Amino acid sequence: MIPNLFDYQRASTLDEALGLVGTPGTKVIAGGMSLLPLMKLRLASPERLLDIGRLAELRGVRQLPDGRLAVGALTTYSDLADSPARHYGLLGDALPDIGDVQVRNRGTVGGSVAHCDPASDLPAVLLALDAEIVARSKRGEKVYAADGFFTGAFSTALAEDELITEIRLPGPRDDAGSAYVSLAQRASGYSIVGVAAVVIKENGSAITKAGIALTGVGEAPYRARAVEAALLGNEGTLESIEAAAAHATDGVTVNGDIHADSEYRAAMAVTYTRRAIVAALGRLG
Amino acid sequence: MATAVQDVLGTSVKRLEDPRFITGQGRYVDDIKLTGMAHLAILRSPYAHANIRSVDTSKAKGMPGVLAVIVGADIPYNPLPMVWPAGGASGITNNVSTPRVLATDSVKWTGEGVAAVVAETPEQAIDALEAIEVDWEPLPAVVDAEKATQPGAVQLHDNAPNNVVFDWTVGDKAGTEQAITDAEVVVRERLVNHRLIPNPMEVRGDIGWYNPGTDEYTIWMSSQTPHIQRLLVGIFTMGIPEHKLRCISPDVGGAFGTKIFCYADYALVLFASKLIGGGRPVKWVESRRESYGSTIHGRDHITYLEIAGKRDGTVTGVKVKTFANLGGRLSTIGPGIPTTLYARVLSGCYKIPNVYAEVTGVYTNTTFVDAYRGAGRPEATYVIERAMDLFANEIGMDKAELRRKNFIPKDAFPYDNPSGLGTAVNGEKIYVDSGDYEPAMDMALKTAGYADLEAKRAEAKSRGKLLGMGLSTYIEVCGVAPSKWIGAVGEGWGAAMWESSNIKVHLTGKVIVTMGTSPQGQGHETTYTQIIAHELGVPMEDIVIQHSDTQGTPMGYGSYGSRTSSVGSTAAIKAADKIRDKAKRYAAHMLEASYDDIEVEGAEYRVKGSPDKKKTLQEIAFALDLGFSLPAGMEPYLDETAYYDTPNCTWPFGTHIAIVEIDEETGETELKRYIAVDDVGKKINPMIVDGQLHGGIAQGVGQALWEQAVYGDDGQLLSGSMMDYALPRASWLPSFELDETVTPSPVNPLGVKGVGEAGCIASTAAVANAVNDALSPLGIKHLDMPFTAQKVWHAIQATKGARA
């Protein structure tokens, strides 16, 4: 439980950090809740840690003039749960169950997104919300749609020299309901299946927009397009939800491990997708 | 006039240990930092089975801070001892292979030690491990005990054909087979009691120190048995006699059995200290991940059960064939657990005329298996309690009524169990001392609302949940054991099992008690203090309990098997008797009265009929310590030692009931209620008893629902960290509903029985029966533990396929 030797550098400004991000052998550390366990087991042995943890400008949640929420990359799960973001039903569901108290107090939103653990909860939430991920590099700023950002296990669309600075969530709306439900792996607490659901009824009784995203199931968190498509235009009867949820793993190679083989995981993806949609619609009233 | 001291025996006084434990002032092995101390790290096999062609340490020796690199061939010691062969004096063959301090030619499990580095810092030692080059010849592995015995299986040891350590039997084979042949009903089932990884909060560690100036060794060890280790590490392994080795167990942060045994690292740190010279101590502390391969595992039985009886519910015979997985090499008492402590208690609290067990101990390419909380008795309870439910289901009888019909009647004690520990060898027997099983069961049934089970089931079903209720009417064996019985049957440590206590009442009247037992967090300092305060009439704050150092405490056999309250406490009472007797003789001298005229109440020694003529224990101790006026033949000082050999074991029992709900759609199982009625005899400290029960129940529930050591076919431990091995958490458990009956044990003066293991002996079976009860409406007859969501879901799906 002792890591290999490594160099350590703390960035005191964002520019200083951007000057080092992407240099060979360098790994960015924020809360360290994912990286340090890997280093202690010597599964990761970076030559240098670049600590961005004290860049105050990357911390905190603010509302943008258009109503959207801008979440600084260094905002911890606990801080996010104390912010207006908690009023998003699915975030209110997901945040209290992430990790443990220490992880929630140290782990950061940007770190979770950049790490892209295939079973991490937050990426599914961002996918379902159609969030944006803002990255900076010496070359400037780039805004990524969450959809398409999570490209594989522990891999994202982020360029080598980019640092995530902010996550932008769409503004709150009265015609949307959302929920997050998950089946936890008992030992680690990671999701065997986690489903984030956002349903929008723009003009009355029929669903006009849906964002359904799953984590823990495939190589990376993903949008369940077929489920979303099947929901559009229907009024959310139990039968229609069940029929839509049946597509939860369409086109996905479902993971299997000692805790949940692929058959069980696939079945739970369907069940939990249905439960997430029902819960989201329930919040819409 | 002496102030009357409140009697604290039997009350829930707060634990004396807790202020230091909960404020970080405990002193565990890793807290100890000695001058000049070096650090040791162990290179562990990445293969489950491999030959070692060569080990190249040249690069590692040149690494920064490295003082020595050690390989197996450097170490002149014996392989580690195995001191509890199956069958003991009966002469059956045990094909023994135990670990060496470091492996020399081959490794038999992932985690077996191959080489070690001693360095100035732990970081340097671990870095240098990576520079050791081992030329491995990987071999195929076998991890399943039943498969390992079959023709064509991978062979681990030349002296163990078919990987069999022993074939051992107990009971009447012909009679049991006849009972099965004659029976109206026979139920057969294959039961798996899966492997567990014990997780004491403090991992193991030790510091070895060789003093070249005295040619003496000292070891600080996180051990339950420092006195025994002086024999096992010193004499058996290193060839060093008792007067050259001192063993010290400082505070020990939990053990659950794992710290009973003789581990390779003990001899290794002592060897390393001598090797690097200069009187430098050497510390080794395992990491949690390392612990999963280097510290013993528990359970791991595959059992073929047959239970036979009449349609009226009379059970007439139980026959089992059990494969006990003992790992790649044998741990200290590995073979004793699935034999004496399992098969000999198999019939539980039932009067079953014919019981026969065959147990095959098996080598596999897995971590060695030895005693883990309950040790054999949870495995036995699981088999017999599942058997009773299976039998009840088969004949359509109420499960509680079936148990009631087969209980050993309360007027049958002392009960001579024909296939049990009482099996006579050379005339020595152990009897089940006492019991009254029905009241405990009735109390539990009432609390659980057993009569309304079907209504509860229907209500849950309306919510999409399958409700089940499970009984476990258990019996357990504590307070091991009469030495003469061990000597006669050869079952046990191959040594004695008495206990010891020394009491000194000092000049100031303060009392220092030294004990031969060794706590691991149970609160022995508190309970012993309560007993001595009661016996001598002195306030608790005037007493201190010392233990766990072979220099300065009397020889004892340590704390395990729920033996301390019964055997250790009685030694303390015997020592207190001697103190009181000497104080009485001296009071007679001081008061110029005859010994017979002195009456004792608390700390007051008075002349009968003359209440003003009296001396306190403190006054007596003061005068005896000064020794200015001693009667002829009396030694100065109030200092007495007692050794106590118990005449019998003790036999707690009770009924536990678990109520579970299963989400039919996902297989997720939730423990909704847990009711436990235990009879542990009289209680020294009811709060500590409750604490032991709570922890034990949680541990047993953990096995039933979540915990499981999983090996791949190649022998890699897939559940190799707490990220994959699910320990129970408080938030997953309901508040336990505890109650009691009290049948004082006739074996010891306190009437206590022991409680360290009862909770987990009972609870695993209760939850297993509850889950199977919940699944029974679907036509599921038996499902093995642990009841993970995916396992339960697959079982439910299979019934849908069958019904479709």
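I looked up B:Ala116 and, leaving aside its neighbours within four places in sequence, found it in contact (C-beta atoms, placed from the backbone, within 7 Å) with B:Leu40, B:Ala41, B:Ile42, B:Leu43, B:Ile70, B:Leu102, B:Leu268 and B:Ala272. I note that this is a predicted model, in which local features need pLDDT of at least 70 and side-chain atom pairs count only at pLDDT 80 or more, while totals for chains, interfaces and linings use all residues. Residues are numbered from 1 along each chain as its sequence is written, and chains are lettered from A and ligands numbered from 1 in the order in which they are written.

**Chain contact**

I then turned to the contact between the chains, which takes 14 residues from chain A and 20 residues from chain B. On the side of chain A that touches chain B, helix H10 (residues 262-284) of chain A gives the largest share, three residues; helices (H or I, at least four residues) and strands (E, at least two) are DSSP runs, numbered from the N terminus.

**Sheet**

In chain B I traced an open sheet of five strands with mixed pairing, in the order S7-S15-S14-S13-S8, where strands pair if DSSP finds at least two bridges between them. Its edge strands are S7 (164-171) and S8 (185-196) of chain B, each of which pairs on one side only. I followed S7(B) to strand S15 (residues 354-363) of chain B, and the two pair in the antiparallel sense over seven bridges. Within S15(B), B:Ala357 is the residue that stands opposite B:Val170.

Conventions: Contact = placed C-beta atoms within 7 Å.
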